[in-house]
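Visitor: I would like to learn how to read side-chain features in a model. Please take them one at a time.

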Amino acid sequence: MAENDGVEKDFVHLARVALSGRTQDVQTYLHRIAKRRGLTKEFSSALIELLRKNPTRSSPLRKGMEKALPTDTDSRFQLLRVEETPFLQMEPVYTEQVQSTLSRLVEERQNLGTLLEAGLEPTRTVLFTGPPGVGKTLGARWVARELGLPLMILDLSAVMSSYLGRTGSNLRHVLDYAKSIDCVLLIDELDAIAKRRDDSGEIGELKRLVTVLLQQLDDWPSSGLLIAATNHSDLLDPAVWRRFEQPVNFELPQEAGVRAFLGALLDEVAPDMSVWVDILSLSLVGRSYSDIEREVTLARRSAALNGKGLDHYLSLLVTAREHSKQERIEIAVRLVKNGLATQRKAHEITGVARDTIRTHLKNDAILEV
Ligand SMILES: Nc1ncnc2c1ncn2[C@@H]1O[C@H](COP(=O)(O)OP(=O)(O)O)[C@@H](O)[C@H]1O
Ligand SMILES: [Mg+2]
């Protein structure tokens, strides 16, 4: 009874501190509770594990980082975004080639001893290229998570747009800082440097900037990994491009990629809609992963608001882009085969004549026997 009394008091006290929004005090209090005698081991270690996973602003891990996090001298604007424990909503979908390169980057560091013994160093600088929304930023996050390292992101376009006059010193500042910490550094939107080229008033500063970057690329320590990403590799100075040890080209997904991504996405958000994967993977080829994700979210939103059923909105996506005659036939056939539409409905969605659909279905049936 007395024991319960203590627990109740603890609980009320904890609730009071928590409701007042003092995270730091909640932490301190939880620490104290975790160390108390007479608790089960499971309870204490569960608390300690939680405290370890959720470092707040005042915890030792963060303290060290935050004190030194580079800021713009005048505005105090933080130049780096830190993801201490990188987290991925969904596992990324990559081509064999991209995946094997990313995995190798991780393996190199996991087997560092072997490399060093052979007189080799791990890859230090990597350049991610490719259109927007295909997983470049995500790739850096994936690598950091696999390595169990924090991810530091320097969004160059943000830094450049506001602080061009001081970008050179800001950049040096950030790079020096990132070098001193075991982390994966992502310099995102690298082309921001190149894009400003045409503005002649800024050429001097830009030259300095490129020089800083090139120097740092050559000097980057093998204890860290520097990844730069750009949507416009064509804008990059070849001198910059050449300095990276490992280029990785990300591309818009082919049908197989769209299929894998849609499969995983629908599996998570609307498992009963998985039958649409087959058709949508055909009609969404040519779009980026983030585009596809957005389309599905929009469809889900419409379905939730208008009560028309998600399948209705997914069926609108089937004809969201121009398809060749051949593609439209293929889509119509898949609609009927997967039981998503009658021949008439398939005709309405795709515009393919019912006769044509019937003929193809028959031919397919013969082939399958
Ligand atoms: N290859 C991929 N696999 C899975 N999801 C992806 C992929 N590429 C993009 N996405 C989705 O789109 C979002 C934006 O991707 P991002 O990595 O920022 O693209 P990029 O940096 O190439 O412009 C991601 O958060 C993820 O939800
Ligand atoms: Mg990005």
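This is a predicted model: local features need pLDDT of at least 70, side-chain atom pairs count only at pLDDT 80 or more; totals for chains, interfaces and linings use all residues.

Visitor: How many salt bridges does the structure hold?

Guide: Side chains of opposite charge can pair when their charged atoms come close. In this model there are 16 salt bridges. One of them joins the side chains of arginine 145 and glutamate 146, with N to O at 2.8 Å.

Visitor: Are arginine 145 and glutamate 146 buried, exposed or partly exposed?

Guide: Arginine 145 has a relative accessible area of 27%, so arginine 145 is partly exposed. Glutamate 146, at 32%, is partly exposed.

Visitor: Which parts does the salt bridge between arginine 259 and aspartate 278 tie together?

Guide: The side chains of arginine 259 and aspartate 278 meet at 3.0 Å, N to O. Arginine 259 is partly exposed, with a relative accessible area of 31%, and aspartate 278 is partly exposed at 22%.

Visitor: Which residues are linked with them in a network of salt bridges?

Guide: The network of salt bridges links Glu255, Arg259, Asp278, Glu330 and Arg334.

Visitor: What does aspartate 364 form a salt bridge with?

Guide: With lysine 337; the closest N and O atoms of the pair are 3.4 Å apart. The pair links distant parts of the chain, since aspartate 364 is in helix H19 (residues 354–368) and lysine 337 in helix H17 (residues 325–337), 27 residues apart. Aspartate 364 has a relative accessibility of 22% and counts as partly exposed. Lysine 337 counts as partly exposed at 43%.

Visitor: Is glutamate 108 buried or exposed?

Guide: The cut-off for buried is under 20% relative accessible area. Glutamate 108 has 13% relative accessibility, so glutamate 108 counts as buried. This residue is found in helix H5 (residues 96–110).

Visitor: What lies around the side chain of glutamate 108?

Guide: A polar atom of that side chain lies 2.7 Å from the backbone nitrogen of threonine 123. Leaving aside neighbours within four places in sequence, glutamate 108 is in contact with Leu115, Pro122 and Thr123.

Visitor: Now the rings. How many aromatic pairs does the structure hold?

Guide: The structure holds 3 aromatic pairs. In one, phenylalanine 261 and tyrosine 289, the ring centres are 5.1 Å apart and the planes are at 75°, so the pair is edge-to-face. Phenylalanine 261 lies in helix H13 and tyrosine 289 in helix H15 (residues 289–306), so the pair ties together parts that are 28 residues apart in sequence. Phenylalanine 261 counts as buried at 7% relative accessibility, and tyrosine 289 is buried with a relative accessible area of 11%.

Visitor: Which residues do ring pairs link into a cluster?

Guide: Tyr94, Phe128 and Phe250 are linked into a cluster by ring pairs.

Visitor: Last, a helix. Which residues of helix H16 are buried, and what do they pack against?

Guide: An α-helix has 3.6 residues a turn, so residues three or four places apart point the same way. In helix H16 (residues 310–318), the buried residues are Leu310, Tyr313, Leu314, Ser315, Leu317 and Val318. The buried residues of H16 pack against H14, H15, H17 and helix H18 (343–350).

How values were computed
Residues are numbered from 1 along each chain as its sequence is written. Chains are lettered from A and ligands numbered from 1 in the order in which they are written. Side-chain values use heavy atoms; hydrogens and water are left out. A salt bridge is a side-chain nitrogen of Lys or Arg within 4 Å of a carboxyl oxygen of Asp or Glu. Buried means under 20% relative accessible area, exposed over 50%, partly exposed in between (1.4 Å probe, protein chains only). Helices (H or I, at least four residues) and strands (E, at least two) are DSSP runs, numbered from the N terminus. A polar contact is a pair of N or O atoms within 3.5 Å; within protein, one must be able to donate a hydrogen and the other to accept it, and residues adjacent in sequence count only if both atoms are side-chain atoms. Contact means heavy atoms within 4.5 Å. Rings of Phe, Tyr and Trp (its six-membered ring) pair if their centres lie within 6.5 Å; planes under 30 degrees apart count as stacked, over 60 as edge-to-face and the rest as tilted.
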